[in-house]
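Reader: I would like to learn how to read helix packing and salt bridges. Please start with the terms.

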Amino acid sequence: MPLSVETLQKIPQFDGVPDQQLQWLIDKSSCTSYVKGEYIFTKGDPIDSLFIILKGHIEIKLEQNGNYKLVTKMTDHHIGGLLPFSRASVAIGFGEVVKKSDVLILEEKYFREMVAHHYELTESFVHKMTSRVREFTKSNVQAEKMMALGKLSAGLAHELNNPASAILRSAKLLKAHLANVPEKFKRLASLRASEEEIDVINTIVFDHIKTRNHKQLKLSERSIKEDELEFWLEEHGVEDAFELTETLLDFQVDKDDLQKMYDSSGPGNFSSAIEWVENVLTTEKIVDEIKEASDRISNLVNSIKTYTHMDQSPEKVATDIHKGLSSTLTMLNHKLKKKNIELKTEFAENLPEPKILVSEINQVWTNLIDNAIDALEPSGVLTIKTSEENNTIKTEIIDNGKGISEENIDRIFDPFFTTKPIGAGTGMGLEVVQRIVQQHQGTIEVVSKPGHTVFTVCLPI
């Protein structure tokens with residue numbers, strides 16, 4: 001296509017650039033036309049030229065594990081490629097032409113002359129470079145945050161679903177159970193028992209409620225005890241004894257307790273009395289289940305508040321590092337359970353409290369622990385240690401997974417570098433981690449070999 005100074009003046013970035021400098025750009029550049037389906041560059045090509053899309057449409061894509069992800073679209077007047085003072089050296093993606101494109105290309109060998117003699121032109125390209133870096137980083141950091149939010153949301157939905165379902169199930173069971181109370185109360189009211197006899201039964205029942213041990217018996221041991229209780233109850237005239245034994249055993253009611261209640265109530269009243277006892281214990285058990293599930297939801301909500309540091313000012317505050325680690329583990333508990341990962345925590349006692357931005361440091365823990373879980377095989381081991389060392393709080397996140405390969409370990413903190421498939425991460429996680437730690441004047445290091453990977457974060461006290 002015909003190229004003139006007037007053509008370049010239509011490009012917004014060249015507003016204020018003198019005509020003679022634009023003419024220099026035209027004189028030193030070449031103009032190439034690309035047709036649909038061609039590539040102006042491919043992965044691994046050297047970045048050694050500046051290009052301007054005069055007219056057309058080109059898409060930049062990244063390849064990850066055999067799939068392609070669209071990064072950005074370049075249309076009329078887009079400036080790309082190598083820019084003055086840029087440190088880019090090799091293309092990490094592909095520039096595919098989706099519509100016939102005319103491209104102006106300036107080779108790197110002319111940059112020194114441009115910088116020395118054409119200030120305004122150089123300035124326009126430098127402004128473009130800084131804007132490009134800022135926008136690219138911002139969009140990818142946002143994508144990484146959304147990815148992390150999605151993972152946490154899915155985990156929380158899973159974690160909240162279990163106690164919420166338990167509450168609903170227990171509430172329905174309690175409603176059905178209470179529907180039978182009037183009939184049982186009639187039989188209880190017909191009993192002729194003294195206050196002393198009632199006190200004996202009440203004392204046994206409510207002592208067992210207060211001292212209830214939630215420790216589970218082995219299946220074989222529990223089966224034997226249930227058979228013993230059922231046999232004893234049947235021998236003492238109780239019909240459908242098998243319906244009572246499970247609840248009685250849950251509260252550790254044994255044959256001695258039953259004998260005391262039998263002696264107190266007498267043979268004629270015992271069946272109604274033990275039925276009332278089982279009714280009270282069942283109600284208590286269901287209420288306990290609802291309380292435990294409600295506490296679980298409350299703890300999850302508190303963990304979310306701790307994790308996000310809600311209702312707090314975004315300032316560095318002295319904080320117990322263990323709170324953030326614990327709340328992060330709560331957030332990621334579903335992933336630990338899904339892969340049956342053994343978690344070991346070795347938290348040092350009485351650690352000093354470093355001044356940190358709580359929500360940002362929690363993001364560090366999330367990325368590091370989440371990556372460790374992904375690296376572990378099912379039934380692997382995740383270890384988290386804390387200690388005080390050289391006036392810093394040292395946190396080690398250790399996994400016995402496959403490790404990081406030698407060719408990748410020096411690149412893991414590079415922006416956009418990832419070994420994960422598309423949709424599993426943008427490659428900004430560890431770069432963000434490093435930036436946050438450095439923002440706190442801390443350090444992060446990694447050593448890795450098959451079966452032993454350690455990320456070490458040191459935060460100054």
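Author: Helices (H or I, at least four residues) and strands (E, at least two) are DSSP runs, numbered from the N terminus. Axes are lines fitted to C-alpha atoms, for helices over the stretch in contact, and angles run from 0 to 180 degrees between N-to-C directions. This is a predicted model, in which local features need pLDDT of at least 70 and side-chain atom pairs count only at pLDDT 80 or more, while totals for chains, interfaces and linings use all residues. Residues are numbered from 1 along each chain as its sequence is written, and side-chain values use heavy atoms, with hydrogens and water left out.

Reader: What angle do helix α7 and helix α9 make, and how far apart are their axes?

Author: Two packed helices are described by the angle between their axes and the distance between the axes. Here helix α7 (residues 219-235) packs with helix α9 (residues 255-265) at about 20 degrees, and the axes are 10 Å apart. Angles under 35 degrees count as roughly parallel, over 145 as roughly antiparallel, 65 to 115 as roughly perpendicular and the rest as oblique; α7 and α9 are therefore roughly parallel to each other.

Reader: Which residues of α7 and α9 meet?

Author: Contact means heavy atoms within 4.5 Å. On the α7 side these are Glu-228, Leu-229, Trp-232 and Leu-233, and on the α9 side Lys-255, Leu-258, Gln-259 and Tyr-262. The contact residues divide into 5 nonpolar, 1 polar and 2 charged (Ala, Val, Leu, Ile, Met, Phe, Trp, Tyr, Cys and Pro count as nonpolar, Asp, Glu, Lys and Arg as charged, and the others, Gly among them, as polar).

Reader: How many salt bridges does the model have?

Author: A salt bridge is a side-chain nitrogen of Lys or Arg within 4 Å of a carboxyl oxygen of Asp or Glu. By this rule there are 9 salt bridges. One of them joins Lys-335 and Asp-370, at 2.6 Å from N to O. This pair links distant parts of the chain, with Lys-335 in helix α12 (residues 333-338) and Asp-370 in helix α13 (residues 358-375), 35 residues apart.

Reader: Are Lys-335 and Asp-370 buried or exposed?

Author: Buried means under 20% relative accessible area, exposed over 50%, and partly exposed in between (1.4 Å probe, protein chains only). Both Lys-335 and Asp-370 are buried. For another pair, Lys-109 and Glu-107, the closest N and O atoms are 3.6 Å apart. Lys-109 is exposed at 61%, and Glu-107 is partly exposed at 38%.

Reader: Which residues are linked in a network of salt bridges?

Author: Glu-59, Lys-61 and Glu-96 form such a network.
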